[in-house]
Structures are given as structure tokens and as C-alpha cells.
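Trainee: I would like to learn how to read a protein model. Could we go through one together?

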Amino acid sequence: MAIDRPGKLTVGAFAVDSFPDYYVVDRGGNLRVADLQNGALEATVQMLLAEPAPSSLPTELTEAAERAVRKDKRLLVLLGGDDDRAAFNQVSRLDRALRRELSNEYETVPAPLGGPLAAALGVTATEATALALDARGAPLGSIAMGGLDRDRLWAFAREHKVASADAELILARALAQATQEKKRVLVHLGAPW
Amino acid sequence: MGRDYVTIKIDVERNASGDAVAKRLRGERRGGIPWMVILDADGKELVSSDAPSGNIGCPVQPEEVAWFAEMLRRSTTRLDDDDVAGIQAELEAYAKTLRR
């Protein structure tokens, strides 16, 4: 802050007691540290940069994102017209395993190219595009829907899905924790469907 | 529940080895999924969601909720009757919203 308002209102509000005096605001606009010691500035900035970026989820994705979080899935935004999405679905319809993979791993959201969701996601492509996002709305990758074939869609789906944890490892860790904490293990066997 | 149970979810389709672990834990028993089992820390089965009338699955009906509470009673070392009754009441309140 180089210039304060008359009466030094900002200096007063923040209780600035020396110059320079550091107040660190995070990417979400929250004041995180006040009256920081000068020598701690670099470490503080690095700490905040290491935090995940605040979610800026477009409202069009809210419901699908809630399902994605609950089911540990990704979001798949299909930007294009009805014909584009029909062609996309036709590719997956020919391969039952691929169709199941997409259903198991992704919450699909249709949206028009050039619409508010495309704008919110920063997509400027003029051709139909499938966009993979994590459940918080962070983009992971995209692929043109035009001319898409089964192999390329398989590769795209595998590349961006949530990494599959090994059930043996999950169980072994739970048993180890149960041993350490003298607890039982409640195993819930389920499926995506 | 967390005082006495480490709870895990295994997806038989999405988790690698999920199907193998499911078969090992469940053996030849049938009845659909979801299916639950409570193990001791050595991996020995204490009780499962197979009630006398069959697998309760996701406990929604009153008798299914009651069996889930029975699973806790048969396996717990730290929960007392009031704790189990409280869990059962919470589950019952949630299950009511799912009943048709």
C-alpha cells in the first residue's frame, strides 16, 4: 500500500506499526497473516502457494460435482451440440466396457459450446470438446469430440479417471490400524451400480 | 462408530483386486451387494450383513436396521447398549427418508 486514504484509515484499521509491514491475503481473499515478521514472508507465501487453489466451481457443475465427490469420480463436460453428444455416445455405445468405464468414473454434464459454462471454464474452442475435470472443477484434460474413436476415448477416460486404490492394500491398512488401535474393521463391499 | 471400528469401502468393480477381496471375504455366500462384514484385527469374520432372512444390503427396512444394530452388538468391544441404540436411532431416522 503506497498511498492511504485521508486520516490513514487503512493503516489504522490494520494496526500497521512499522514500514514495511506485511499482511498476507490468500487466493480466496482471506487475510491469513497480519503484522508478519519480515523474515517470515517467503516461508508464508510458499505455504499458501502449496495449498490447493480455492474452488471456483461454476453453478452449472454444482450438482454433478457433489455426486462426483460422494462417489469419488471425475466430471466430464461435453461441450457441443446434441449431434456432437450423440456422436460421442455412439462411440461408447459400441463398447460395453468403455460405456461402463465412463459411467463408473465420470459424472457427465452436457453444455453448449460458447455458453456460460464454457466461458466459466475458459474454453474457447470452436469445435465440440470433452473436458475432464476433477470433482472440485479443476481441468485435467480435453479432447476434441469430432472424429473421436474408441481407442482414443479409452485412453482419455483412463488417463483422467481417479486412480484406483488396490483393495488388498485398503484392507491390509485397515487391519493394521485395527491392530494398533485395538478396533474392529467394518468392510462395506459395494459397486458403482 | 469410530471409537471401535475402522470403516472401509471396497468397490468390487473400481478398486483393483476388489473382486478378489470380495470373493475371499464372502466365499460362496450370495445375496447381492452392498454386503458388509465385521472383522477382528486378525481378519477373522465376526458377523456379516447376512441376517437370518438374508443379506440386509443397505439397511433401510426396520428389520434391516435392527440387524445392523445386532452386528454392532455382536462385535463391539467399546460401545455399550446406549451407544448402539443411538446409532440405531440415527440410522432409522435416515432410513425412513428412503422408504417408499
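Trainee: Which residues does Arg85(A) touch, not counting residues up to four places away in sequence?

Mentor: First, a word on the model: it is predicted, so local features need pLDDT of at least 70 and side-chain atom pairs count only at pLDDT 80 or more, while totals for chains, interfaces and linings use all residues. Residues are numbered from 1 along each chain as its sequence is written, chains are lettered from A and ligands numbered from 1 in the order in which they are written, and side-chain values use heavy atoms, with hydrogens and water left out. Contact means heavy atoms within 4.5 Å. On that basis, Arg85(A) touches Leu78(A), Leu79(A), Gly80(A), Pro110(A), Ala111(A) and Met145(A).

Trainee: Is Arg85(A) buried or exposed?

Mentor: Buried means under 20% relative accessible area, exposed over 50%, and partly exposed in between, using a 1.4 Å probe and protein chains only. Arg85(A) has 13%, so Arg85(A) is buried. Arg85(A) lies in helix H4 of chain A, residues 82-93. Helices (H or I, at least four residues) and strands (E, at least two) are DSSP runs, numbered from the N terminus.

Trainee: At what angle do H4(A) and H5(A) pack?

Mentor: Axes are lines fitted to C-alpha atoms, for helices over the stretch in contact, and angles run from 0 to 180 degrees between N-to-C directions. Here the angle is about 120°, and the axes are 7 Å apart. Angles under 35 degrees count as roughly parallel, over 145 as roughly antiparallel, 65 to 115 as roughly perpendicular and the rest as oblique. H4(A) is therefore oblique to H5(A). In this contact, Phe88(A), Val91(A), Ser92(A) and Arg93(A) of H4(A) meet Arg96(A), Leu98(A), Arg99(A) and Leu102(A) of H5(A).

Trainee: Which residues have the most contacts inside the largest nonpolar core?

Mentor: In soluble globular proteins, nonpolar side chains tend to be buried together. A nonpolar core is a set of buried Ala, Val, Leu, Ile, Met, Phe, Trp, Tyr and Cys residues joined through side-chain atoms within 4.5 Å. The largest one has 19 residues, and those with the most contacts inside it are Leu171(A), Val185(A), Val187(A), Ile8(B), Ile10(B), Leu25(B) and Leu39(B). H8(A) gives the most to this core, with six residues.

Trainee: How many helices and strands does chain B have?

Mentor: Chain B has three helices and five strands. From the N terminus on, the order is β-α-β-β-β-β-α-α. Of the 100 residues in chain B, 44% are buried.
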